[in-house]
Amino acid sequence: LDTANTIEYDVLDGALDTLDAIGLSAFAIIGAQNGVRAGMPMLVSAICGMATSTFGGMTRDVLCGRPIRIVHSNAEVYAAPALAGATVYLGAKRMGGG
């Protein structure tokens, strides 16, 4: 086992996970904003944010030829953090934060 390759893979994997989290949160907010612009209630806007970010991830996985993370992963959560992020954004917006 070559530890240099293992460490390099771990760094790359960590970087990709970080970029994935940034993309997930960005698209959750964009989807929630679109729900607000359409005049939807807060719950529906949060679901719009979750759907936008999770379907974006599904599209990425299909284009990369990878198993779809939200469907095939038992270890990773994906939709719940997207919904939580959209809800936090909408709560902050409602309290005057944006």
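This is a predicted model: local features need pLDDT of at least 70, side-chain atom pairs count only at pLDDT 80 or more; totals for chains, interfaces and linings use all residues.

**From cut-offs to conclusions**

Q: What is the distance between the backbone oxygen of M40 and a polar atom of the side chain of S45?
A: That backbone oxygen lies 3.5 Å from the polar atom of S45. A polar contact is a pair of N or O atoms within 3.5 Å; inside protein, one has to be able to donate a hydrogen and the other to accept it, and residues adjacent in sequence count only if both atoms are side-chain atoms.

Q: Why is S45 called buried?
A: Buried means under 20% relative accessible area, exposed means over 50%, and partly exposed sits in between (1.4 Å probe, protein chains only). S45 has 1% relative accessibility, so it counts as buried. S45 has its place in helix α2, residues 42-64.

Q: Which residues does S45 touch, not counting those up to four places away in sequence?
A: Contact means heavy atoms within 4.5 Å. On that test, S45 touches G31, A32, G35, V36, M40 and L90. Take A32 from that list: leaving aside its own neighbours within four places, A32 is in contact with S45, C48, G49, A86, Y89 and L90.

Q: How many helices and strands are in the chain?
A: Four helices and zero strands. These are DSSP runs numbered from the N terminus: a helix is H or I with at least four residues, a strand is E with at least two. Reading from the N terminus, the order is α-α-α-α.

Q: What makes up the largest nonpolar core?
A: Six residues do: A28, A32, A46, A86, Y89 and L90. A nonpolar core is a set of buried Ala, Val, Leu, Ile, Met, Phe, Trp, Tyr and Cys residues joined through side-chain atoms within 4.5 Å. Helices α1 (3-37) and α4 (79-94) each give two or more residues to this core, and α4 gives the most, with three. In soluble globular proteins, nonpolar side chains tend to be buried together.

Q: Is A26 buried or partly exposed?
A: Its relative accessibility is 33%, so A26 counts as partly exposed. A26 is found in helix α1.

Q: What makes D20 and R60 a salt bridge?
A: A salt bridge needs a side-chain nitrogen of Lys or Arg within 4 Å of a carboxyl oxygen of Asp or Glu. The side chains of D20 and R60 meet at 2.5 Å, N to O, and this is inside the limit. D20 lies in helix α1 and R60 in helix α2, so the pair ties together parts that are 40 residues apart in sequence.

Q: Why does D20 count as buried, and why is R60 partly exposed?
A: D20 has 13% relative accessibility, so it counts as buried. R60 has a relative accessible area of 24%, which makes R60 partly exposed. D20 also touches R69 and Y78, besides R60.

Q: How many salt bridges does the structure hold?
A: Three. D61 forms one with R60, with the closest N and O atoms 2.9 Å apart, and another with R66 at 4.0 Å, N to O. Together, D20, R60, D61 and R66 are linked in a network of salt bridges. At 1% relative accessibility D61 counts as buried, whereas R66, at 40%, counts as partly exposed.

Q: What share of the residues in the chain is buried?
A: Buried residues make up 21% of the 98 residues.

Technical notes: Residues are numbered from 1 along each chain as its sequence is written. Side-chain values use heavy atoms; hydrogens and water are left out.
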